[in-house]
Each structure stands twice: as structure tokens, then as C-alpha cells.
Amino acid sequence: MTTASDSVLDFTDVSVAFRSDGPTASAPAVDGVSLSLRRGEIFGIVGESGSGKSTLANTVLGLLPSSATVRGHVRVNDRDVLGLSESDLRALRGDEVAMIFQDASASLDPTWPVGDQIAETIRAHRAIGRRAAREQAIALMTEVGIPDAASRYGDAPHRLSGGMRQRIVIAAALANNPQLLIADEPATALDVTIQAQILQLIDRLRRDHGTTVLLITHDLGVVAQVCDRVGVMYAGRLLEVGTAHELFARPTHPYTRALLAASPNRVARGTRLPVVPAQWSVESLHESEAVAEAEAAQ
Ligand SMILES: Nc1ncnc2c1ncn2[C@@H]1O[C@H](COP(=O)(O)OP(=O)(O)OP(=O)(O)O)[C@@H](O)[C@H]1O
């Protein structure tokens with residue numbers, strides 16, 4: 001059992017619903033999710049598009065629109081973050097918790113030198129001078145693998161490749177040594193080789209700094225490459241949690257088994273989750289499993 005001291009992030013019976021303008025209430029985007037992340041682990045949330053992964057993650061830093069109603073408890077280091085004021089959330093963001101998204105370009109100001117953007121992130125949370133912040137930013141750029149970081153400090157984002165921009169975003173995210181990093185599809189927009197490098201970087205940073213990582217993905221290859229434990233989401237529900245090894249070797253939920261059966265080369269990088277029919281039922285999954293087994297036996 002996870003105790004308060006070894007868990008960084010706890011979701012307790014979290015549900016999220018978006019107010020709809022239509023006559024019928026829409027199904028909850030997140031439905032009764034309970035989950036604890038252990039200190040220093042990379043926890044993958046895997047699920048097809050629309051399963052509620054981003055919505056769940058966005059509850060942590062208060063990033064949901066006002067049309068969303070969140071129920072349950074979301075605790076960071078035992079402090080309930082739902083209902084925090086905007087200024088408390090700002091203090092939490094980038095300090096205890098940092099978040100990176102799929103599109104690095106959208107996270108960076110296109111008109112500003114990349115190094116200054118990292119330095120400002122440091123100065124937003126700590127009282128240090130410009131020169132010290134600049135030195136720390138260059139050290140971070142070096143740490144995340146920007147070659148000749150000092151000379152790239154003054155570059156505008158468009159002068160860097162997509163992979164290098166994502167490294168800058170990761171450097172800025174880690175600037176204040178957060179305990180928790182939420183990475184929402186951090187490598188999906190990049191080509192396969194660069195994706196692998198970004199994931200290796202996240203894994204190395206976790207090892208070097210002890211950062212806990214919540215990694216959102218719909219790529220089973222990502223799960224296989226870096227995740228310690230995995231939660232499978234479907235239609236807002238967390239169906240199954242286990243180690244990455246358990247998930248691949250002994251999936252217990254029929255939905256997970258169907259996903260894996262439908263992804264024959266499932267540990268290869270770039271294995272996207274197949275979309276299962278919206279009106280999913282356990283019976284239909286049993287059928288698809290039977291078909292997969294019959295095909296495998298041929
Ligand atoms: N701002 C919003 N207003 C209304 N509904 C929303 C909003 N954001 C998400 N939803 C709905 O919530 C459900 C879950 O969406 P969410 O983006 O969390 O899924 P996801 O698993 O992260 O998908 P993807 O991998 O495509 O990002 C979907 O049905 C989506 O349409």
C-alpha cells in the first residue's frame with residue numbers, strides 16, 4: 001500500500017464532466033479514477049484518443065475550462081489542489097509540478113531567445129540575478145543535450161529543430177527541479193529517432209533528479225520503452241494498472257487484451273493503440289480476441 005510519504009500524486013475517485021449546450025448530458029470525460037504515483041516512477045497513462053487521459057492530467061494544474069466540473073480529490077504531496085486559488089496554482093506550476101505538451105512550439109514564445117525563456121522560468125520562482133539565471137539556463141540546456149549551449153542561448157525558437165525545441169521546453173520544465181513532471185504526448189510530433197531520444201532524456205532526468213513522471217501516450221512502444229507502471233484508460237475509466245511487464249505479459253482486463261491482440265508487434269516503437277468501436281462491450285472484445293487467436297493459430 002502506498003503511504004503519504006512515498007506518493008507524490010494521488011487521484012481519489014476523480015470524475016470530470018463538461019457542461020454541454022445540448023439537451024442531453026454528455027458522458028463524463030473522466031469517471032471515478034483513483035491512482036497513486038510513487039516517488040521517482042514513470043507512470044504511463046495509455047488509452048485511445050478521447051479516453052480522458054489529458055483531461056485527467058489537466059486536473060492537476062487547474063488547466064480545465066470553466067465548463068468542466070471536477071469531483072473527487074487530486075493531491076500533490078498530500079495537498080488537495082482542486083479549488084486552489086489562481087495564485088496558488090501559479091506557484092505550484094513550474095515549481096512542484098511542471099507540464100510539457102506535444103507541441104513544443106506552442107509552449108515557447110516565438111520572438112524570444114530560447115535561453116532567456118529558461119532563465120525567466122528560473123527567475124519566476126527564485127530570487128536570483130540575471131547572470132546567475134543565464135548560467136543555470138546554459139547548464140540546463142547542456143544537460144538536456146543542446147550542443148554548444150552557450151552559443152544557442154540567444155537563438156529564437158524557429159532556429160532550432162523540433163527535437164531541440166522540445167529539449168528547450170524540457171529544460172524550462174525542469175528549471176526549478178519539480179518533483180512531478182506531467183508529459184502529455186511529449187514526443188508524438190517528432191520523428192521516430194528523435195522521439196526515442198526525448199524519451200531517453202526523460203528517463204535519464206528521472207534517474208538523475210528522482211523526478212516522478214506522469215507520461216500520457218497512446219503509443220504502446222513508449223510504454224514498453226520507459227514506463228515502470230501503466231494505467232489503461234477507456235471511456236474515462238481506469239481499467240487496469242500494473243507494471244509495464246505485467247501489462248504486456250498478463251493483461252487482466254479484456255479491453256487491454258484486445259488492444260494487445262490487435263497490436264501484434266506491440267513493443268515496437270510507434271505502435272499506436274487501435275481505436276475500438278465507441279459502443280464497446282465485453283462481448284465484442286471477446287469476439288475480437290477469438291478472431292485474433294484464430295488468426296494466430298493459422
Ligand atoms: N474542453 C472540452 N469541452 C468539452 N469536452 C471536452 C473538452 N476537453 C475534452 N473533452 C472531451 O472529454 C473526453 C476526453 O478527452 P481527452 O482530451 O481528455 O482525451 P484523451 O484521451 O487525452 O485524447 P487525445 O489522445 O486525443 O488527446 C472526450 O470525449 C473529449 O471530447
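## Ground rules

Numbering starts from 1 along each chain, following the sequence as written. Since this is a predicted model, local features need pLDDT of at least 70 and side-chain atom pairs count only at pLDDT 80 or more, while totals for chains, interfaces and linings use all residues.

## The big picture

The protein's secondary structure comes to 12 helices and 10 strands. Helices (H or I, at least four residues) and strands (E, at least two) are DSSP runs, numbered from the N terminus. Of the 298 residues, 38% are buried. Here, buried is 20 or more other C-beta atoms within 10 Å of a residue's own, exposed is 12 or fewer, and partly exposed is in between, with C-beta atoms placed from the backbone.

Take the contacts with a separation of 6 or more: 66% of them link residues 24 or more positions apart. A contact means that two C-beta atoms, placed from the backbone, lie within 7 Å.

## Two domains

The chain is divided into domain 1 (4–96 + 178–297) and domain 2 (104–177), with bounds that come from an automatic or database domain assignment. Across the boundary, 13 residues of domain 1 are in contact with 14 residues of domain 2. On the domain 1 side, helix α8 gives the most, with 6 residues. That side divides into 9 nonpolar, 3 polar and 1 charged. For these classes, Ala, Val, Leu, Ile, Met, Phe, Trp, Tyr, Cys and Pro count as nonpolar, Asp, Glu, Lys and Arg as charged, and the others, Gly among them, as polar.

All told, 5 of the 5 residues of strand β7 (residues 180–184) are buried, so the strand is largely enclosed by the rest of the structure. Both faces are covered, with L180, I182 and D184 on one side and L181 and A183 on the other.

What flanks it? Strand β6 (residues 97–100) runs parallel to β7, joined by 4 bridges, and strand β8 (residues 212–217) also pairs with β7 in the parallel sense, over 5 bridges. Strands count as paired if DSSP finds at least two bridges between them. L181 is a handy landmark: this residue is the bridge partner of A98 and stands opposite V213 in β8. From β7 the chain crosses through helix α8 (residues 192–209) to β8, in a right-handed β-α-β crossover. Right-handed means that, with the strands pointing away from the viewer, the path from the first strand over the helix to the second runs clockwise.

## A hairpin and two positive phi values

Strands β9 (residues 229–234) and β10 (residues 237–243) run antiparallel, joined by 6 bridges, with G231 opposite V241. The hairpin has 2 residues between the strands. A235, in that loop, has a positive phi near 50° without being a glycine. A235 is partly exposed, with 19 other C-beta atoms within 10 Å.

D13 is another non-glycine with a positive phi, about 50°, and sits in strand β1 (residues 7–18). With 11 C-beta neighbours inside 10 Å, D13 counts as exposed.

## Around the ligand

The ligand has 13 residues around it, and F18, A29, S49, S54 and T55 come nearest. To be near, a residue's C-beta atom, placed from the backbone, has to lie within 6 Å. Helix α1 (residues 53–58) gives the most to this shell, with 3 residues. By class, the shell has 3 nonpolar, 9 polar and 1 charged residues.
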